[in-house]
Amino acid sequence: MMRRTLNAVSRVLPPRLQHFSVGEVTEDVSECAASPQITERASLYVHWPYCLRRCSYCNFNKYISKENNDHIMTKCLQMETETLLRLSQVSCITSVFFGGGTPSLAHPSIFAAILETVSRQVNLSDEAEVTLEVNPTPAGKSRLEDYCRAGVNRFSIGVQSLQDEDLKSLGRDHDSHKALQTIEEARRLCPGRVSVDVMFGRPKQTVESWEIELSELLRVCDDHVSLYQLTLERGTQLFKQVECGAVTMPSEDVTAEMYQRARKTLHQHGFQQYEVSNFARHNSVSHHNISYWKGNQYIGVGPGAHGRFVPLGEGGVVREARTQTLEPDVWIREVRHWGHGTRRRLQLGHLELLEEVLVMGMRMTEGINHKHWEMFSPQTGLDEVFGESIVVQELLQSGQLILDDRGLRCSWEGLALLDSILPALLVELERQISPKASQGPL
């Protein structure tokens, strides 16, 4: 799920935060990012880069494995986990997420080994959320119980659609019947801890067919649903099909209506929206993803993984954005040589850190409360940054934005327009923070 979140963030963050360069250091260094309440804990994301085949819409960092190198990958994932935990000096890992790729192709012993590595170095509570992305194929379903024995206690199932024709055109290697069987088995093993991913805005999809499909899904799903709009990514097979006119996509007005109908339908079934794309009932939220949206530290392990943490083990005092080497074979060589495969590092200055806190925090329905913002910006509060802005005042008066004693957040209507609201907030943040940042560290 994190890769999707990062893709969404890159559309609104300034260019300097979209691309990292080796050793680049910003001048407006902020020491608040190194405060103990922020640096002692982190979540862990582990990327398994292999798939059986590439879906027509996918541009994620994934590869078709030519040979079984599970043993080598396991050792390298363990080694990089050890190294980055040592560099971060965190004392506690709050959650673990195994994503990909298709991590449900990997043997359960691999995840057990990684979790054991984490437990040897830091505190990993028995209650910590450990999520595995699962492709709903017979192979994935048959291993669910073994994954639980390995330490996984939450499943995120990539159903995407219950229309077999759509699944085939998207290049998925499952059908609706297999998806429903996988959901049933996952719910038996982890009741209340099964998330279902479903995609809207697919070729030829209508608002009416989407409503019928979502209602069918809600009859069998557990207590968490993630909605994702299908977006065209350059270089994918689907992009080429649309470009040459072989495939047509629903219009923006139609996809907007699909999103609004889904929000209402989910609410009628007892689901509360807690983030732009995520809905839960019975408080079955994804704690791992919430840690991203709240700007907490996270450590990314594996080919192409992203991370945000303060490298205290190297004497660092500011948070770094880290990206691991993309190609698995190259990453393996680097891990064997250096202990990790970090390809790019960027020290985040005060403004850059606040931009990330703002963009991620505004994705949540609760938004950003004053106390949370103060952890990252002790000298400049939300009211000071946004309270006097003419543009923000217009958003407040239109009912899209709310700034009150609780903090800053979107209204129900505004959350659907987040992509158009964020640029205005980012401009105001830069206008207010940049002059103060140039005066030196906080």
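Predicted model: local features only at pLDDT ≥ 70, side-chain atom pairs only at ≥ 80, totals over all residues.

Trainee: How are the rings of tyrosine 45 and phenylalanine 97 arranged: stacked, tilted or edge-to-face?
Mentor: The count of aromatic pairs comes to nine. In the pair of tyrosine 45 and phenylalanine 97 the ring centres are 6.1 Å apart and the planes are at 20 degrees. Planes under 30 degrees apart count as stacked, so this pair is stacked.

Trainee: How many residues apart in sequence are the parts that this pair ties together?
Mentor: Tyrosine 45 and phenylalanine 97 are both buried. Tyrosine 45 belongs to strand E2 (residues 41-48), and phenylalanine 97 to strand E5 (residues 92-100). The pair therefore ties together parts separated in sequence by 52 residues.

Trainee: At what distance from the ring centre of tryptophan 412 does arginine 263 lie?
Mentor: A charge sits over a ring only if CZ of Arg is within 6 Å of the ring centre and within 35 degrees of the ring normal. Arginine 263 lies over the face of tryptophan 412, and its distance from the ring centre is 3.9 Å.

Trainee: How many disulfides are there, and which cysteine sulfur is closest to that of cysteine 148?
Mentor: A disulfide needs two cysteine sulfur atoms within 2.5 Å. The sulfur of cysteine 148 has its closest cysteine sulfur at 3.7 Å, which is too far for a bond. The count of disulfides is zero, and the closest sulfur to that of cysteine 148 belongs to cysteine 190.

Trainee: Is cysteine 410 buried or exposed?
Mentor: Buried means under 20% relative accessible area. Cysteine 148, at 23%, is partly exposed. Cysteine 410 has a relative accessible area of 7%, so cysteine 410 is buried.

Trainee: How far apart in space are histidine 350 and isoleucine 433, C-alpha to C-alpha?
Mentor: Histidine 350 is in helix H14 (residues 350-361). Its relative accessibility is 7%, so histidine 350 counts as buried. Histidine 350 and isoleucine 433 are 83 residues apart in sequence, and their C-alpha to C-alpha distance is 8.3 Å.

Trainee: What is omega for the cis peptide bond between glycine 100 and glycine 101?
Mentor: Glycine 101 is in the loop between E5 and helix H4 (108-121). The peptide bond joining glycine 100 to glycine 101 is cis, with omega at about 25 degrees.

Trainee: Is glutamine 89 buried, partly exposed or exposed?
Mentor: Glutamine 89 is not a glycine, yet its phi is positive at about 60 degrees. The loop between helix H3 (70-88) and E5 holds glutamine 89. Its relative accessible area is 47%, so glutamine 89 is partly exposed.

How values were computed. Residues numbered from 1 in each chain as written. Heavy atoms only, no water. Phe/Tyr/Trp six-rings, centres within 6.5 Å; stacked < 30°, edge-to-face > 60°. Helix = DSSP H or I, 4+ residues; strand = E, 2+ residues; numbered from the N terminus. Buried < 20%, exposed > 50% of the residue type's maximum accessible area, 1.4 Å probe, protein only.
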